[in-house]
Amino acid sequence: MKLLNELLEYNGEFVKEERFKDFSTTKFPNKRMVIITCMDTRLVELLPKALNLRNGDVKIVKNAGALVTHPFGSIMRSVLVAVYQLQADEVFVIGHHDCGMSGMKADAVIESMKDRGISDDALDSLTYSGIDVKDWLNGFERVEDSVAHSVHMVKKHPLMPNDVPVHGLVIHPDTGKLDLVIDGYQS
């Protein structure tokens, strides 16, 4: 509860001092783009700075690994909402080197779950429901392949307009350098 109290106390001062005024913008991205990227802490400030993005420029959707794993999951829904309702004209999938999802093995995650009290019965109930938990929890071997797969999932989605370029990039979390994986203007 200590962290929650610290956040609420800070927020009270933030609002009282009207520091929110520095971040005023609309819900529409100035640069008309949506980014799917990783939730890695190293990217919180680095990614926008490395791309010359400011508050209000872009819609950013984050998850573990910048993965689009299901065509009708929340990541894809967010991208479609950005395109159809929030004026995003381009999609960028930006993974990063040294990602925690790279080489992640489901067995290690499942063991951690069990150590924290998740029972075999709970895991079995998912299996009985048709969910391959090990497949769902596995990471990827090469970030470039993972980015290319996510670009393909977005670009080939039956509800994605053909005129929306979908780009794939990998950022170096130490330097901010971008490596191009897929140029969406060429595909």
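Trainee: Helices (H or I, at least four residues) and strands (E, at least two) are DSSP runs, numbered from the N terminus. Which ones each supply at least two residues of the lining of the second largest pocket?

Mentor: α2 (43-50) and β2 (58-63). This is a predicted model, with local features needing pLDDT of at least 70, side-chain atom pairs 80 or more, and lining totals using all residues. Numbering runs from 1 along each chain, and side-chain values use heavy atoms, without hydrogens or water.

Trainee: What's a pocket here?

Mentor: An open set of points on a 1 Å grid, where a 1.4 Å probe fits, with protein on both sides within 12 Å along at least five of seven lines; lining residues have an atom within 4 Å of a point.

Trainee: How much space in the second largest pocket?

Mentor: About 390 Å³. Its lining has 14 residues, and F23, K49, L53, R54 and N55 are the closest to the centre.

Trainee: Which element gives the largest share of that lining?

Mentor: α2, with four residues.

Trainee: And by class?

Mentor: Six nonpolar, three polar and five charged. Asp, Glu, Lys and Arg count as charged; Gly counts as polar.

Trainee: Switching over. What's the volume of the largest pocket?

Mentor: About 590 Å³, the space filled by probe spheres set on the points.

Trainee: Who sits nearest its centre?

Mentor: L67, T69, D135, W136 and N138, out of 17 lining residues.

Trainee: Which helices each supply at least two of the lining residues there?

Mentor: α6 (133-137) and α7 (143-155).

Trainee: How does that lining divide?

Mentor: Nine nonpolar residues, seven polar and one charged.
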